[in-house]
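User: Please take a close look at one helix pair in this model and at how that pair relates to the ligand site.

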Amino acid sequence: MDAVSERPRTAPTDTAESVTALAALASQIAHASLSVLIGVPGDDVHVVANKLAETILASVGYAVTNLGVLVPAAELVAAARDLRPSAILLSSLNGHALLNCGSVPRLLAEAGEEVPVYVGGNLCVGRTDWPLVLRRFAGLGFARVFPPRTDLLAGVAEISRELLQPRVVHAIRRSGAPA
Ligand code: B12
């Protein structure tokens, strides 16, 4: 899996294309029994993208557990240990992402959980230079960091393509995640 990219590599350019791309992946997602844990960590109350993500992910066949907003990092890690999800998707909108979820990949690794963590939203306050933000989050162990205003459909399609790579599906099954 690539570490991080500035934007989805093969992101479709409009909603209709994204819907078509995701629909084409749906049967593979169901076949691979992919599951996902989602939430908005820390002191962040922005719930809209989280609810949209839940709806999109469930509609293409993921088993979704949504921890909602204001989720402490420790709660995310505990849920990951219980559920062994195929992936974790975080939204962080209020600009406090470093504080709110920067430690999540490290805490998961320390707990022995090998699960890719994806994050998107407004990760910093104001107009911080995106390459700088990207470098900062890349160093924290996120599987992929999505820039502000990433279309959720395109993001979910990109994440799904990564999770459906045969070696990743194999690793997910071997790790004991729901199969
Ligand atoms: C509604 C709103 C609120 C509501 C939230 C209500 C609720 N419970 O959801 C209220 C009024 C409570 C609020 C409070 C605050 N807010 Co506010 N809020 C907004 C607003 C207007 C809309 C957010 C929204 O729902 N958008 C719709 C969703 C669908 O879009 P989105 O969140 O942008 O997410 C998109 C992408 O980022 C992507 N995405 C998101 N997550 C992920 C994850 C992955 C994996 C992927 C692939 C993609 C992805 O998908 C979405 C669709 O493209 C935005 C401004 C704006 N127009 O965006 C500000 C905004 C997010 N808020 C902001 C701020 C600063 C605050 C406050 C700190 C203000 C204050 N001083 O009190 C507080 C923080 C409260 C807290 N503790 O979190 C800033 C954040 C600035 C930053 N990060 O640089 C914004 C951008 C406004 C601004 N321009 O300054 N807010």
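Analyst: What follows covers the pair first, then the ligand shell, then the chain as a whole.

The model is a predicted one. Two packed helices are described by the angle between their axes and the distance between the axes. The pair here is α2, residues 48–59, and α7, residues 152–163, whose axes come within 10 Å and cross at roughly 50°. The two helices are therefore oblique to each other, and the crossing of α2 past α7 is right-handed. On the α2 side the contact is made by Ala-49, Leu-52, Ala-53, Ile-56 and Leu-57, and on the α7 side by Leu-152, Leu-153 and Val-156. Sorted by residue class, this contact holds eight nonpolar residues, no polar ones and no charged ones.

Both helices also take part in the shell around the ligand: α2, β3 (87–92), β4 (117–121) and α7 each supply at least two residues. The largest share comes from β4, with four residues. The shell has 27 residues, of which Val-48, Ser-91, Gly-95, Gly-120 and Gly-155 come nearest to the ligand. By class, the shell divides into 13 nonpolar, 10 polar and four charged residues.

As for the setting, the protein chain has eight helices and five strands, arranged along the sequence as α-β-α-β-α-β-α-α-β-α-β-α-α. Of its 179 residues, 39% are buried. Among contacts in the chain with a separation of 6 or more, 81% join residues 24 or more positions apart.

Key
Residues numbered from 1 in each chain as written. Predicted model: local features only at pLDDT ≥ 70, side-chain atom pairs only at ≥ 80, totals over all residues. Axes fitted to C-alpha atoms, helices over the stretch in contact; angles between N-to-C directions. Parallel < 35°, antiparallel > 145°, perpendicular 65-115°, else oblique. Left-handed = near helix turned anticlockwise from the far one by under 90°. Contact = placed C-beta atoms within 7 Å. Nonpolar A, V, L, I, M, F, W, Y, C, P; charged D, E, K, R; others polar. Near = placed C-beta within 6 Å. Buried ≥ 20, exposed ≤ 12 C-beta atoms within 10 Å, placed from the backbone.
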